[in-house]
Amino acid sequence: MNPYILTTLLFGLGLGTTITFASSHWLLAWMGLEINTLAIIPLMAQHHHPRAVEATTKYFLTQATAAAMLLFASTTNAWLTGQWDILQMCHPLPTTMITLALALKIGLAPTHSWLPEVLQGLDLTTGLILSTWQKLAPLALLLQIQPANSTLLIILGLMSTLVGGWGGLNQTQLRKILAYSSIAHLGWMILILQFSPSLTLLTLLTYFLMTLSTFLVFKLNKSTSINQLASSWAKAPAITSLTPLILLSLGGLPPLTGFMPKWLILQELTKQDLAITATFAALTALLSLYFYLRLSYAMTLTMSPNNLIGITPWRLLTPQLTMPLAAFTTSTLLLLPLTPAAKALLTL
């Protein structure tokens with residue numbers, strides 16, 4: 001892609017998210033979401049093959065449906081209450097409709113089915129943008145809708161953690177596994193959204209760090225399936241030994257960084273007298289942990305079928321920058337001791 005066009009599209013992504021962040025009017029927030037959607041569509045369709053075009057079409061139709069639903073709900077709210085302010089949502093009907101529209105935007109269960117299919121048709125770089133940056137604007141709007149329907153948010157969160165764990169069990173494609181991982185992590189964020197918004201932001205930040213590390217590792221290895229992952233030990237032995245730790249951090253296993261948000265969320269849910277909800281969320285985390293363990297096993301303890309006598313390929317210098325990978329990997333593995341500092345920041 002032409003670098004000038006790429007710069008314009010990335011600027012459009014940033015502009016759309018910033019407009020949504022800065023808006024207090026529903027029409028302005030809707031406009032920011034639309035700019036965001038229209039900016040990423042050319043990035044998704046830049047590789048001219050049927051998979052990419054199909055993924056782009058699915059994404060466009062889904063986002064257009066969510067945007068139309070959001071606009072209709074905000075118009076209904078203005079008709080019922082006489083104002084367009086995001087922070088003044090007081091009627092339950094438009095609040096519920098807007099919550100469901102934003103759930104469709106970010107891929108929460110039960111409106112999640114588009115996300116694995118879309119992510120499967122994209123290259124890893126665009127998939128990374130879709131899994132991280134595109135979540136920011138809808139989550140910012142969800143944070144501002146107060147008081148939200150607490151029962152609806154808990155149901156959406158529990159369904160997302162269950163579907164995100166269950167859906168990834170039988171997958172062989174890494175991008176689909178990462179899509180279900182995204183659904184599960186979003187479920188954890190939505191569970192705690194109404195009780196501790198700052199904890200939601202901490203969970204989002206740690207998810208971004210872990211997802212960036214995972215996508216950069218797969219991009220370095222040029223791996224899109226579990227079979228390709230099994231041959232990565234011969235290409236990059238050092239990163240192959242660290243990748244299982246990154247995946248286990250995504251699964252929330254101590255003493256890695258990914259354990260911190262899950263620990264704090266379970267603690268907060270227990271404080272809110274939601275022990276059954278916390279128990280169910282912890283059990284669904286075991287499903288996610290299973291397919292992360294499966295990936296770790298495939299990467300480190302198996303060898304891909306190879307008929308050649310020499311099994312070590314040429315190790316050529318990669319054009320990919322390795323400094324971001326090193327920084328994000330370190331953050332993904334070693335931030336758990338900073339949990340007291342994170343808790344102190346949450347109380348500010």
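Predicted model: local features only at pLDDT ≥ 70, side-chain atom pairs only at ≥ 80, totals over all residues.
The side chain of Ser 213 reaches the backbone oxygen of Phe 328 at 3.0 Å, and that is where I would like to start, taking a polar contact to be a pair of N or O atoms within 3.5 Å, where within protein one must be able to donate a hydrogen and the other to accept it, and where residues adjacent in sequence count only if both atoms are side-chain atoms. A polar atom of that Ser 213 side chain also lies 3.0 Å from the backbone oxygen of Leu 209. Ser 213 itself belongs to helix H10, residues 197–221, and here helices (H or I, at least four residues) and strands (E, at least two) are DSSP runs, numbered from the N terminus.

Residues are numbered from 1 along each chain as its sequence is written, and side-chain values use heavy atoms, with hydrogens and water left out.

Is Ser 213 buried or exposed? Ser 213 counts as buried because its relative accessibility is 0%, where buried means under 20% relative accessible area, exposed means over 50%, and partly exposed lies in between, with a 1.4 Å probe and protein chains only. If we leave aside its neighbours within four places in sequence, Ser 213 is in contact with Ile 246, Leu 325, Phe 328, Thr 329 and Thr 332, a contact being heavy atoms within 4.5 Å.

Let me step back to the whole chain. The protein has 16 helices and 0 strands, and buried residues make up 53% of its 348 residues. A compact globule with 348 residues would have a radius of gyration near 20 Å, and the protein, at 20 Å, agrees with that; the radius is taken over C-alpha atoms, and the globule rule is 2.2 Å times the number of residues to the power 0.38. Along its principal axes the C-alpha trace spans about 75 × 50 × 35 Å. Among contacts between residues at least 6 apart in sequence, 79% join residues at least 24 apart.

Ser 182, in helix H9 (residues 174–192), is buried, with a relative accessible area of 1%, and, its neighbours within four places in sequence left aside, Ser 182 is in contact with Leu 115, Lys 135 and Tyr 207. Thr 300, in helix H14 (residues 275–300), is partly exposed at a relative accessible area of 40%. The side chain of Thr 300 reaches the backbone oxygen of Ser 296 at 2.7 Å, and, not counting residues up to four places away in sequence, Thr 300 touches Thr 240 and Pro 244. Thr 300 and Leu 242 are 58 residues apart in sequence, with 9.8 Å between their C-alpha atoms.

Ile 86 sits in the loop between helix H3 (50–81) and helix H4 (92–106), and at 0% relative accessibility Ile 86 counts as buried.

Most residues other than glycine have a negative phi, and most peptide bonds are trans. A cis peptide bond, with omega about 5 degrees, joins Ala 109 and Pro 110, and Pro 110 is in the loop between H4 and helix H5 (114–120). A cis peptide bond also joins Pro 254 and Pro 255, again with omega about 5 degrees, and Pro 255 is in the loop between helix H12 (237–250) and helix H13 (259–271).

As for positive phi in residues other than glycine, Lys 222 has a value near 55 degrees, lies in the loop between H10 and helix H11 (226–229), and is exposed, with a relative accessible area of 64%. Asp 273, in the loop between H13 and H14, has a positive phi near 60 degrees and is exposed, with a relative accessible area of 72%.
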